[in-house]
Amino acid sequence: MIKKYGTALNCIDGRTQIPIIMWLRKHYGLDYVDLITEPGMDRVLSQGKKSELKRLKGKVNISIDAHDSQLVAVVGHYDCAANPVSKFKHIHDIKQGINVVQSRGLPVRVVGLWVDDCWQVHVIS
């Protein structure tokens with residue numbers, strides 16, 4: 001049986017991992033979610049240096065090549081220590097992150113997700 005994978009570009013904050021994994025499994029029928037984490041991932045994607053973005057692309061490529069991941073989620077969350085900005089700014093950063101991932105020409109669907117103060121997941125784009 002072929003297992004279905006997705007990839008989450010998420011913050012290192014452990015509070016967000018389980019809600020994101022469960023949400024992606026439920027809404028996209030995934031069996032597994034590869035986690036690629038950085039402190040303030042939405043900030044890194046929207047404002048990161050080329051070297052940081054290149055490193056992340058390499059990690060996403062491993063998920064795509066090794067696990068045939070068909071989905072990449074760009075995640076931001078409430079109360080982020082590494083990106084302590086307003087929800088509005090997080091949403092902006094998530095959208096910018098989506099654009100960055102899409103601009104790489106990867107053969108995947110890209111979705112933006114926001115984890116709120118109750119650890120509920122919301123679709124951004």
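Helices (H or I, at least four residues) and strands (E, at least two) are DSSP runs, numbered from the N terminus. The structure described here is a predicted model, in which local features need pLDDT of at least 70 and side-chain atom pairs count only at pLDDT 80 or more, while totals for chains, interfaces and linings use all residues. Residues are numbered from 1 along each chain as its sequence is written, and side-chain values use heavy atoms, with hydrogens and water left out.

**The largest cavity**

- A cavity is, on a 1 Å grid over the protein atoms alone, a set of points where a 1.4 Å probe fits but cannot get out, and its lining residues have an atom within 4 Å of a point.
- With grid points joined across faces, edges and corners, and volume taken as the space filled by probe spheres set on the points, the count comes to one cavity of 30 Å³ or more, and the largest cavity holds about 80 Å³ of space.
- Helix 3 gives the largest share of the lining of the largest cavity, four residues, and both helix 3 and helix 4 (87-103) supply at least two residues each.
- Among the lining residues are Leu9, Leu53, Lys57, Val100 and Arg104, and the lining as a whole divides into eight nonpolar (Ala, Val, Leu, Ile, Met, Phe, Trp, Tyr, Cys and Pro), no polar (the others, Gly among them) and two charged (Asp, Glu, Lys and Arg).

**Strands 1 and 2**

- Strand 1 (residues 5-10) pairs with strand 2 (residues 32-37) in the parallel sense over six bridges, where pairing requires that DSSP finds at least two bridges between the strands.
- Within this pair, Thr7 stands opposite Asp34 of strand 2, and Asp34 in turn lies 9.8 Å from Ile62, C-alpha to C-alpha, although the two are 28 residues apart in sequence.
- Strand 1, helix 1 (residues 14-28) and strand 2 form a right-handed β-α-β unit, meaning that, with the strands pointing away from the viewer, the path from the first strand over the helix to the second runs clockwise.

**Buried and exposed residues**

- Ile62, in helix 3 (residues 50-67), has a relative accessible area of 57% and is therefore exposed (over 50%, with a 1.4 Å probe and protein chains only).
- His77, in strand 3 (residues 71-77), is buried (under 20%) because its relative accessibility is 1%.
- Beyond its neighbours within four places in sequence, His77 is in contact (heavy atoms within 4.5 Å) with residues including Cys11, His90 and Trp119.

**Positive phi values**

- Most residues other than glycine have a negative phi.
- Asp68, in the loop between helix 3 and strand 3, has a positive phi of about 55 degrees.
- Trp119, in the loop between strand 4 (109-115) and strand 5 (121-123), has a positive phi near 65 degrees.

Methods:
1 Å grid on protein atoms, 1.4 Å probe; cavity = no way out; pocket = protein on both sides within 12 Å on 5 of 7 lines; lining within 4 Å.
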